[in-house]
Amino acid sequence: MSRIPSLSSPFLLGFDEVERALDRVMKGSDGYPPYNVERVAAPDQPERLRITLAVAGFTREQLEVTVEEKELVIRGRQAEDPERVFLHRGIAARQFQRIFVLAEGMRVTGAELKNGLLWVDLVRPEPERIVRRITIATDE
């Protein structure tokens, strides 16, 4: 059974790559860790966004923030400590990978870990509006 593309409108030309990126993001999101995305207002500044992930129990060394092509990838890796003996284990040591697809021009400006929260700040510079007139050729 073939899947009907969500961007199949005849007016949306060349968005195949966007649709593939959306598919990758949907397949890789299991809900962990929980996160927020917020707009950070700054007057007379380009639009700024902040992604906040709840990463309690992770150290800075166990977290990795990278930009791979047009994707912000945040990974967390916790190793099992073989010397610890648990009578009850309610907090699992787990790995995660969270992927955010970045729009054209988005830049990651920094990341900070504080009180079990990882903040990743992004900025989107205002795009330059260019209007280009296309000459129409005739058969004459």
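1. Surroundings of Arg75. Setting aside neighbours within four places in sequence, Arg75 is in contact with Gln62, Leu63, Glu64, Thr66, Glu68, Phe96 and Gln97. Please keep in mind that this is a predicted model.

2. Placement of Arg75. The residue belongs to strand β4, which covers residues 71–76. Is Arg75 buried or exposed? Its relative accessible area is 16%, and because buried means under 20%, Arg75 counts as buried.

3. Polar partners of Arg75. Two of the residues already listed come back here with side-chain polar contacts. The side chain of Arg75 meets that of Gln97 at 2.9 Å, and it also makes a polar contact with the side chain of Glu68, at 3.2 Å.

4. The four-stranded sheet. Turning to another part of the model, there is an open sheet with strand order β1-β2-β7-β6 and antiparallel pairing. Which strands stand at its edges? They are β1 (35–40) and β6 (107–114); each has a single partner strand, so one side of each lacks a neighbour in the sheet. On average, neighbouring strands of this sheet are turned by 20 degrees against each other, direction ignored.

5. The β2–β7 pairing. Within that order, β2 sits next to β7. How many bridges join strand β2 to strand β7? There are eight, linking residues 47–54 of β2 with residues 117–124 of β7 in an antiparallel arrangement. For a specific pair to look at, take Thr52, whose bridge partner in β7 is Trp119.

Conventions. Residues numbered from 1 in each chain as written. Predicted model: local features only at pLDDT ≥ 70, side-chain atom pairs only at ≥ 80, totals over all residues. Heavy atoms only, no water. Helix = DSSP H or I, 4+ residues; strand = E, 2+ residues; numbered from the N terminus. Buried < 20%, exposed > 50% of the residue type's maximum accessible area, 1.4 Å probe, protein only. Polar contact = N/O pair within 3.5 Å; in protein donor to acceptor, adjacent residues only side chain to side chain. Contact = heavy atoms within 4.5 Å. Pairing = 2+ DSSP bridges. Axes fitted to C-alpha atoms, helices over the stretch in contact; angles between N-to-C directions.
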